Amino acid sequence: GRRVEVPQFSVTASSATVGDSFEDVLPTSGTEIKSSDSEQVNALQYSKADQPEAFPIVNQFLVGSDTSPIIRIVGLRDSLIVVKEDGIFRVTGESATTFIIRDLDKTVKVTASESVVALNNAVFCLSTQGVLRIDENGTQVVSWPVEREVVPVALYGGIASSCHAVGYESERKYILSVP
């Protein structure tokens, strides 16, 4: 995954007038208000309406197990496909009141996050089962013709950090680069 490591920090206001103008009043000295270093590895956050940069902490949905991190999120025409260590999930809806999270396949184990790409309104990725095609209805193994070559690569211990894929729309190709 991609993370930004930032130590905890505190915020103070230059004057009481400035500090009072915030929803959580900021002190003018000391370290009473501190950042939090909480991590919710299975959370999907959404912004306020018409404010794409504003993500209140309460605007989130939890997907799957809280011990299993999200590997990738891919947008399709009518939904989001969430690839996690504990399976594949689909998110549909158009607002916070209509979002629905559904399990697509809890048996899938994606072996390399960089192998997950969108192609032709589907998601393709390398998994312990081979190359999968994931769409809004479920998962399907598509690497049967080259199964003998793909499965040993998918099970290789260092594959998570050494493979990459691209979706080539005009040629309708999933191109997987492996060592």
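The model is predicted. Its largest nonpolar core holds 15 residues, and another core, apart from that one, holds 13. The count of salt bridges comes to 5.

**Nonpolar cores**

- Within the largest nonpolar core, the residues that touch the most other members are Ile 81, Val 83, Ile 88, Val 110, Val 116, Val 123 and Ile 134.
- Two or more residues of this core come from each of strand S3 (70–75), strand S4 (80–84), strand S8 (122–127) and strand S9 (130–135).
- Val 123 is in contact with Val 74, Leu 76, Ile 81, Val 116, Val 117, Leu 132, Arg 133 and Ile 134, when its neighbours within four places in sequence are left aside.
- The other core, which lies apart, includes Val 117, Val 131, Ala 154 and Ile 159 among its 13 residues.
- As background, nonpolar side chains tend to be buried together in soluble globular proteins.

**Salt bridges**

- Side chains of opposite charge can pair when their charged atoms come close.
- Glu 114 and Arg 72 form a salt bridge through their side chains, at 2.6 Å from N to O.
- This pair links distant parts of the chain, 42 residues apart: Arg 72 is in strand S3, while Glu 114 is in the loop between strand S6 (100–105) and strand S7 (117–119).
- Glu 114 is partly exposed because its relative accessible area is 25%, whereas Arg 72 counts as buried because its relative accessibility is 18%, and the cut-off for buried is under 20%.
- Lys 84 and Asp 86 also meet in a salt bridge between side chains, with an N to O distance of 3.3 Å.
- Lys 84 has 0% relative accessibility and so counts as buried; Asp 86 is buried too, with a relative accessible area of 15%.
- A salt bridge of 2.8 Å, N to O, joins the side chains of Asp 135 and Arg 133.
- Arg 133 counts as partly exposed because its relative accessibility is 23%.

**Asn 42**

- Asn 42 sits in the loop between helix H1 (16–20) and strand S1 (43–45).
- With 1% relative accessibility, Asn 42 counts as buried.
- A polar atom of the Asn 42 side chain lies 3.1 Å from the backbone oxygen of Gly 64.
- Leaving aside neighbours within four places in sequence, Asn 42 is in contact with Phe 61, Leu 62, Val 63, Gly 64, Ser 65, Asp 66, Ser 68, Ile 70 and Lys 84.

**Thr 139**

- Thr 139 belongs to strand S10 (residues 138–141).
- The relative accessibility of Thr 139 is 26%, so this residue counts as partly exposed.
- The side chains of Thr 139 and Asp 105 are joined by a polar contact of 2.6 Å.
- Not counting residues up to four places away in sequence, Thr 139 touches Ile 88, Asp 105, Val 108, Arg 133 and Ile 134.
- Thr 139 and Glu 114 are 25 residues apart along the chain, and their C-alpha atoms are separated by 18 Å.

**Surface patch**

- Val 166, Tyr 168 and Ile 175 make a nonpolar surface patch of about 230 Å².
- Val 166 is part of strand S11 (residues 164–168).
- Val 166 counts as partly exposed because its relative accessibility is 37%.

Note on methods:
Residues are numbered from 1 along each chain as its sequence is written. This is a predicted model: local features need pLDDT of at least 70, side-chain atom pairs count only at pLDDT 80 or more; totals for chains, interfaces and linings use all residues. Side-chain values use heavy atoms; hydrogens and water are left out. Patches are made of residues with over 30% relative accessible area and no salt bridge: like charges are joined within 9 Å, nonpolar side chains (Val, Leu, Ile, Met, Phe, Trp, Tyr) within 5 Å. Accessible areas come from the Shrake-Rupley method with a 1.4 Å probe; for residues, only the protein chains shown count as cover. A salt bridge is a side-chain nitrogen of Lys or Arg within 4 Å of a carboxyl oxygen of Asp or Glu. Helices (H or I, at least four residues) and strands (E, at least two) are DSSP runs, numbered from the N terminus. Buried means under 20% relative accessible area, exposed over 50%, partly exposed in between (1.4 Å probe, protein chains only). A nonpolar core is a set of buried Ala, Val, Leu, Ile, Met, Phe, Trp, Tyr and Cys residues joined through side-chain atoms within 4.5 Å. Contact means heavy atoms within 4.5 Å. A polar contact is a pair of N or O atoms within 3.5 Å; within protein, one must be able to donate a hydrogen and the other to accept it, and residues adjacent in sequence count only if both atoms are side-chain atoms.
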